[in-house]
2 protein chains.
Amino acid sequence: MKYCFGIDVGGTSVKAGLFTVSGEIVDKWDLKTNTQNEGAAIIPDITASIKNKMREHQLNPNQIVGVGMGVPAPVIDGSRVLNTANLGWKYKEVKREMEEILGFPCAVENDANVAALGEFWKGGGRGAKSMIMVTLGTGVGGGIILNGKILSGVHGAAGEIGHVKVNRYEEESCGCGAKGCLEQYCSATGIARLARMKLASSNRPSVLREYKKVSAKSVFDGVKSNDTLSIEIAKEFGELMGLGLSSIAAVIDPDVIVIGGGVSRAGRVVIDYIKEPFLKRAFFANKEIRFELAQLENDAGIVGAAKLILG
Amino acid sequence: MKYCFGIDVGGTSVKAGLFTVSGEIVDKWDLKTNTQNEGAAIIPDITASIKNKMREHQLNPNQIVGVGMGVPAPVIDGSRVLNTANLGWKYKEVKREMEEILGFPCAVENDANVAALGEFWKGGGRGAKSMIMVTLGTGVGGGIILNGKILSGVHGAAGEIGHVKVNRYEEESCGCGAKGCLEQYCSATGIARLARMKLASSNRPSVLREYKKVSAKSVFDGVKSNDTLSIEIAKEFGELMGLGLSSIAAVIDPDVIVIGGGVSRAGRVVIDYIKEPFLKRAFFANKEIRFELAQLENDAGIVGAAKLILG
């Protein structure tokens with residue numbers, strides 16, 4: 001039997017998995033991310049942990065296909081990063097350093113893209129040819145999978161779905177510095193912002209007024225209890241997501257759109273609010289695109305990393 | 001020496017070229033598109049014309065790598081179309097029919113995507129890794145080239161750049177039925193529409209008032225003669241193009257954007273109006289993207305078709 005490792009490097013912890021080549025998880029563990037000294041210990045820590053697991057499971061190197069890895073930075077040519085916001089790494093040849101220590105192949109890509117690949121392989125995108133993945137978390141992330149492969153982009157920055165523009169008249173700035181990005185309305189933070197604006201615009205009653213701090217979760221809870229203001233906020237969210245996704249679909253023409261991240265935990269109702277405005281805006285050839293919820297939650301990163309090295 | 005054919009099928013005429021494998025044009029000719037009887041004669045006419053040219057240039061089949069072809073319809077799996085608006089074809093297995101008659105390989109893709117490939121290979125995108133091509137003609141067309149290959153899409157409809165949304169508040173409908181599409185503002189027709197709206201909004205003087213029918217060309221001529229209203233219209237055009245392209249770049253992350261079509265004949269000034277709003281909106285990783293004008297004009301289709309079969 002042959003195996004591979006899938007590694008998901010985050011700013012506070014590294015998730016790791018040992019997989020069979022058919023994608024079953026044999027073992028799963030975490031380690032801390034040591035970002036001191038420009039993250040000098042990160043690769044030694046990960047490779048040591050891989051070697052430990054090989055001993056533990058009595059695996060020899062010729063049973064290992066390789067290791068796939070997602071990192072929170074743009075990745076150039078599936079091998080190196082120029083800089084990272086959260087790991088301490090400046091320029092680093094991640095693939096080469098990993099391979100020199102381990103002696104078997106390593107593949108590296110951006111973590112959001114790798115998670116998208118995981119959902120494509122074993123989650124909401126299973127069976128599709130091409131996929132748009134949208135992750136509605138603190139920000140709006142995502143990834144594009146084309147015929148089973150990650151679209152990385154020339155600068156390692158493809159699939160930055162949160163920075164598709166949906167409102168040319170926006171006056172507040174997005175975290176990226178531009179104005180009118182999808183992320184400003186449809187991330188958890190963006191939905192809370194829409195809610196605050198809605199609540200401030202009138203004195204109409206709403207269950208949302210009972211919260212000290214309104215969140216995306218409180219909005220979708222409000223929707224489920226039939227609260228009018230919550231429904232109006234969800235409609236605005238859906239209108240902007242539908243608009244943004246209709247633009248992306250016109251460029252990519254996938255067969256499935258997968259919605260993940262914390263906001264998607266509200267369930268199918270999230271898709272219900274997106275789908276109608278999407279269909280109203282979509283180019284005719286894109287109207288049959290399926291919408292699915294993400295299924296792998298926190299495992300998407302390690303599963304996608306495994307697929308990355310399996311090819 | 002080996003050769004290939006590049007064919008660009010249009011609704012009124014078929015453009016054809018004989019190329020060396022390095023992309024030099026050896027011969028170039030046109031034939032009429034006979035759309036009668038559901039376009040039954042189109043493939044026989046094209047293949048007969050290819051065979052004639054082989055006799056004329058004394059080429060035998062083993063000197064021919066194959067024939068690439070662009071057709072004005074979505075193309076599925078590089079081989080077949082489900083329907084066409086202008087050729088009369090319903091479902092047609094274009095690749096198979098061509099190959100059965102000619103006895104050498106044929107590759108088929110959407111004509112706008114094939115023209116983009118031509119510009120990538122020999123025109124404005126030369127030397128790039130990945131490209132967004134925008135064709136500003138009667139409509140706004142385009143194509144996406146990733147690592148030298150056309151992005152076709154699952155339904156053969158990728159790269160429909162004209163239907164990226166740039167104005168959620170638009171009330172008039174685009175030809176596609178949706179509202180707020182780039183095409184409604186930035187095609188030749190769209191620019192003329194912006195001009196009519198601008199002229200109707202005040203009595204301010206403008207050279208544009210001298211035209212019976214204002215066109216995109218009259219607007220850019222006005223810009224060159226420093227006409228204030230023309231400049232304002234060009235700014236609005238550039239603002240919406242820049243906005244739309246910043247969205248597409250966030251998804252694709254190319255190294256070059258090529259602007260072609262009739263509107264681009266106004267020259268570099270067109271790019272000047274697009275680039276500033278693009279930079280204002282673009283995600284940081286996309287700020288170094290080059291803008292180029294298309295260079296091949298009407299030959300882009302046959303050149304791209306040749307590249308399509310050469311791979």
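Predicted model: local features only at pLDDT ≥ 70, side-chain atom pairs only at ≥ 80, totals over all residues.
When I give you an angle between two helices today, the axes are lines fitted to C-alpha atoms over the stretch in contact, and the angle runs from 0 to 180 degrees between N-to-C directions. Okay, with that in hand, let's go.

I'll start with a pair of helices in chain B. In general, two packed helices get described by the angle between their axes and the distance between those axes. Here we have helix H7, residues 216-224 of chain B, packing against helix H8, residues 228-252 of chain B, at an angle of about 120 degrees and with the axes 8 Å apart. The crossing of H7(B) and H8(B) is left-handed. So who makes the contact? From H7(B) we have Val219(B), Phe220(B), Gly222(B) and Val223(B), and from H8(B) come Ser230(B), Ile231(B), Ile233(B), Ala234(B) and Phe237(B).

In the loop joining H7 to H8 of chain B sits Asn226(B). Its phi is near 65 degrees, which is a positive value in a residue other than glycine. Buried or exposed, then, for Asn226(B)? With a relative accessibility of 59%, Asn226(B) counts as exposed, because the cut-off for that is over 50%.

You'll find Gln58(A) in the loop between helix H2 (42-56) and strand S4 (64-71) of chain A. Gln58(A) is exposed too, at a relative accessible area of 71%.

Now the sheet in chain B. As a reminder, strands of a sheet pair through backbone hydrogen bonds, either parallel or antiparallel. This one is an open sheet of 5 strands, in the order S3-S2-S1-S4-S5 (chain B), and the pairing is mixed. Which strands are at the edges? Those are strand S3 (25-32) and S5 of chain B, each pairing on one side only. On average, and ignoring direction, neighbouring strands in this sheet are turned by 15 degrees against each other.

Let's walk across it. Strand S2, residues 13-20 of chain B, runs antiparallel to S3(B), and 7 bridges join the two. If you want to find that pairing on screen, look for Lys15(B), which stands opposite Asp30(B) in S3(B). Further along, strand S1, residues 3-9 of chain B, runs parallel to S4(B), with 6 bridges joining them. There, Tyr3(B) has Ile64(B) as its bridge partner in S4(B). On to the next pair: S4(B) and strand S5, residues 106-110 of chain B, are parallel over 5 bridges, and Gly68(B) stands opposite Ala107(B) in S5(B). S4(B) is mostly covered, with 7 of its 8 residues buried.

What lies on this sheet? Helix H3 of chain B goes across S4 and S5 of chain B, running at about 150 degrees to S5(B). Then there's helix H10, residues 300-310 of chain B, which packs on the sheet and touches S1, S2, S3, S4 and S5 of chain B. The direction of H10(B) makes about 130 degrees with that of S1(B).

Here's a lysine I'd like you to look at. Lys92(B) is in the loop between strand S4 (64-71) and helix H3 (94-102) of chain B. Why do we call Lys92(B) buried? Because its relative accessibility is 13%, and the cut-off is under 20%. So what is Lys92(B) in contact with? Leaving aside neighbours within four places in sequence, the list is Ile43(B), Ser79(B), Arg80(B), Val81(B) and Glu97(B).

Back to chain A for another sheet. Again we have 5 strands in an open, mixed sheet, in the order S8-S7-S6-S9-S10 (chain A). Strand S8 (149-150) and strand S10 (290-293) of chain A are at the edges with a single partner strand each, so one side of each has no neighbour in the sheet. Strand S6, residues 131-136 of chain A, pairs in the parallel sense with strand S9, residues 256-260 of chain A, over 5 bridges. In that pairing, Ile132(A) has Ile257(A) as its bridge partner. Helix H4, residues 111-122 of chain A, lies across S6, S7 (140-146), S8 and S9 of chain A, at about 55 degrees to S7(A).

Last thing: how do the two chains relate?

Key: Residues numbered from 1 in each chain as written. Chains lettered and ligands numbered in written order. Heavy atoms only, no water. Helix = DSSP H or I, 4+ residues; strand = E, 2+ residues; numbered from the N terminus. Left-handed = near helix turned anticlockwise from the far one by under 90°. Contact = heavy atoms within 4.5 Å. Buried < 20%, exposed > 50% of the residue type's maximum accessible area, 1.4 Å probe, protein only. Pairing = 2+ DSSP bridges.
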